[in-house]
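Welcome! Let us take a friendly walk through this protein, one topic at a time.

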Amino acid sequence: MAFFIASSPHTQKRRSLPNLMLWVALCALPGLATQTYFFGFGTLIQVVFAILVAWTFESLIMVLRKRPPMMALRDNSALLTAILLALAIPPLSPWWILVIGLFFAIVIAKHLYGGIGQNLFNPAMVGYVVLLISFPVQMTSWITPNEISPIAVSAPDALSLIFSGFNIDGLSLQQIRTGVDGITMATPLDTVKIGLSQGMTLSEITQSSIFSGLAGLGWEWVNVMFLAGGLVMLKLRLIQWYIPVGVLGGVLVTSTLLNLIIPGAVASPLFHILSGATMFGAFFIATDPVSAATTVKGRIIFGSLIGVLIVLIRTWGGFPDGVAFAVIISNMCVPLIDYYTQPRTYGHK
């Protein structure tokens with residue numbers, strides 16, 4: 001039997017890399033379907049467009065590297081990166097947002113470091129952070145859930161808005177977001193952040209129609225479906241529990257402590273768990289086998305650090321959701337975490 005030395009990602013199951021990536025993408029389908037149900041067909045259109053753009057960039061960069069493009073396309077890593085980035089952006093973002101984001105994700109964050117297995121940071125989150133910093137208006141233009149949206153957006157409307165900036169009736173995205181009353185509704189995380197900074201209580205803030213029983217309308221179900229997909233991945237042993245449990249534990253402990261120290265100034269632990277990209281980040285982003293910590297203790301610390309940073313950024317940062325920044329910062333800490341959590345070599349004192 002030959003002994004092979006190869007770079008990460010490594011898995012304990014006898015499963016090929018293309019198969020692993022494809023299964024992770026399939027496990028994201030419940031979250032994708034739920035997000036499409038609440039926020040319209042824009043999410044689905046963005047996913048399809050992102051896959052085509054990612055495959056194009058992957059092929060071009062492989063040609064420039066003088067390697068066969070099909071070899072890279074068959075590993076499904078570009079497919080998964082495209083799906084993750086498309087799920088993270090607002091459904092009706094202009095088409096060029098995805099092109100720029102995927103350029104940084106595929107070309108810069110992945111191939112500039114040598115390709116799959118060599119990247120220091122999660123490629124999808126690199127693309128997302130670049131977009132969020134560079135185009136904050138477009139990246140925070142989430143529409144309200146279909147249930148309370150002032151103007152219905154059909155599939156043809158979504159397609160027209162993404163590629164032309166206007167729906168079939170000639171209305172812009174800003175007009176659709178504001179509706180008939182001229183008031184733009186923010187996301188639940190944004191609403192809580194702004195309301196608390198203005199001295200409002202959480203009970204007053206949650207009177208808005210964008211909130212439901214536990215968290216934001218629609219967002220809680222999106223998080224539940226990503227949790228379901230994550231549990232399937234755990235069942236299939238595509239990922240291990242250390243990082244997701246670390247992330248969710250970090251979010252719960254940090255938000256609970258902050259509520260005890262400064263009551264009324266921080267959203268509840270349940271709200272943090274079921275809002276924004278918490279479950280998506282815990283199961284589908286933080287568990288990237290290349291950019292995450294490698295030791296068991298290291299993975300728990302890595303996940304916990306992400307959870308702590310998510311709450312801190314949401315509470316005092318400049319952006320409403322801190323998942324992407326928390327993952328990128330924690331990626332930077334991986335070499336240090338691995339260095340201090342390496343198990344003692346057998347036979348050494």
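Which residue just after α2 takes a positive phi? That residue is G40, with a phi of about 95 degrees. The model is a predicted one, in which local features need pLDDT of at least 70, side-chain atom pairs count only at pLDDT 80 or more, and totals for chains, interfaces and linings use all residues. Residues are numbered from 1 along each chain as its sequence is written, and side-chain values use heavy atoms, with hydrogens and water left out.

- Helix α2 covers residues 29-39, and its buried residues are G31, L32, T34, Q35, T36, F38 and F39; buried means under 20% relative accessible area, exposed means over 50%, and partly exposed lies in between (1.4 Å probe, protein chains only).
- These buried residues of α2 pack against α3 (42-64), α5 and α13 (219-235), where contact means heavy atoms within 4.5 Å.

**Two helix pairs**

- Two packed helices are described by the angle between their axes and the distance between the axes.
- Axes are lines fitted to C-alpha atoms, for helices over the stretch in contact, and angles run from 0 to 180 degrees between N-to-C directions.
- The axes of α5 (residues 77-88) and α6 (residues 95-108) come within 11 Å and cross at roughly 135 degrees.
- That angle makes α5 oblique to α6; angles under 35 degrees count as roughly parallel, over 145 as roughly antiparallel, 65 to 115 as roughly perpendicular, and the rest as oblique.
- On the α5 side, A78, T81, A82, L85 and A86 meet L98, G101, L102, A105 and I106 of α6.
- The contact of α5 with α6 holds eight nonpolar, two polar and no charged residues; Ala, Val, Leu, Ile, Met, Phe, Trp, Tyr, Cys and Pro count as nonpolar, Asp, Glu, Lys and Arg as charged, and the others, Gly among them, as polar.
- For α3 and α9 (residues 155-164), the axes come within 9 Å and cross at roughly 55 degrees, and these helices are therefore oblique to each other.
- In this pair, G42, I45, Q46 and F49 of α3 meet A155, A158, L159, I162 and F163 of α9.
- The contact of α3 with α9 has seven nonpolar, two polar and no charged residues.

- Most residues other than glycine have a negative phi.
- N76 is not a glycine, yet has a positive phi of about 65 degrees.
- The loop between α4 (69-73) and α5 holds N76, which is buried at a relative accessible area of 15%.
- R237 also has a positive phi, near 60 degrees, without being a glycine.
- R237 sits in the loop between α13 and α14 (242-261) and is partly exposed, with a relative accessible area of 48%.

**V126 and the cysteines**

- V126 belongs to helix α7 (residues 123-134) and is buried, with a relative accessible area of 16%.
- Beyond its neighbours within four places in sequence, V126 is in contact with F104, A109, F121 and I328.
- From V126 to F325 there are 199 residues in sequence but 9.0 Å in space, C-alpha to C-alpha.
- The whole structure has zero disulfides, a disulfide being a pair of cysteine sulfur atoms within 2.5 Å.
- C27 is buried at 5% relative accessibility, and C333 is partly exposed at 26%.

Key
Helix = DSSP H or I, 4+ residues; strand = E, 2+ residues; numbered from the N terminus.
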